[in-house]
Amino acid sequence: MTEQAGPGVAGEGERSRGPRVVVGIDFSSGARAALLFALQDAARRGVPVEAVSAYRPPDFWMDFNAVGSSQPDQARGAALDRLRAFVDDVLPEAPTSPPQVGLTVRMGAAADVLIMASEGADLLVVGSRGHSGFASMLLGSVSMHCALHASCPVTVVHSPEAHHERLHLRRIRHPEAEAENGTPVG
């Protein structure tokens, strides 16, 4: 697939396997912050960005009676369209001359997909937390798994929303620290 997804965005068939910055996209505010960081870092390095998103098969694939009617290309196409729209939405906030962005979607668990996609990369960039329900965690399970198992350096980017949420939780847990100092905790 070599269709253009917007200015500076390459389709999946054009993705590079050489020097590049790989960024995990789960469509959260953390992924938005990670993509902006990856665009800035790749522009500084003079390498392209590979935006990677993982998707799961539709639930009906697990029904053996419906397997014959499954359409894996539709699920993959929908995931690629969603990734393309997300990247196109973030690109206007990127550096003045953003690097080329390749799009990759793969079926599988997010951490496994990102680790495989980052082989040979200069850097893997992930958000601190995605769509999990554990607001008090500093790192999500995907970012932690990538940090432990990727074969390249990993940068975990905290979104502004995640920072404000952590500050709020710290104030709730330790109100005495803020009262003693007269200054906000964080």
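**Contacts, burial and an aromatic pair**

Modeller: The side chains of serine 128 and histidine 158 make a polar contact at 3.1 Å. This is a predicted model, in which local features need pLDDT of at least 70 and side-chain atom pairs pLDDT 80 or more, whereas totals for chains, interfaces and linings use all residues. Residues are numbered from 1 along each chain as its sequence is written, and side-chain values use heavy atoms, without hydrogens and water.

Biologist: What makes the pair of serine 128 and histidine 158 a polar contact?

Modeller: A polar contact is a pair of N or O atoms within 3.5 Å; within protein, one must be able to donate a hydrogen and the other to accept it, and residues adjacent in sequence count only if both atoms are side-chain atoms. The value here is 3.1 Å.

Biologist: Why does serine 128 count as buried?

Modeller: Buried means under 20% relative accessible area (1.4 Å probe, protein chains only). Serine 128 has 1% relative accessibility, and therefore counts as buried.

Biologist: How many aromatic pairs does the count give?

Modeller: Rings of Phe, Tyr and Trp (its six-membered ring) pair if their centres lie within 6.5 Å; planes under 30 degrees apart count as stacked, over 60 as edge-to-face and the rest as tilted. The count comes to 1 aromatic pair.

Biologist: Why is the pair of phenylalanine 27 and phenylalanine 86 called edge-to-face?

Modeller: The ring centres of phenylalanine 27 and phenylalanine 86 are 5.5 Å apart and their planes stand at 85°, so the pair is edge-to-face. Phenylalanine 27 is buried at 18%, and phenylalanine 86 is buried at 10% relative accessibility.

Terms used
Buried means under 20% relative accessible area, exposed over 50%, partly exposed in between (1.4 Å probe, protein chains only).
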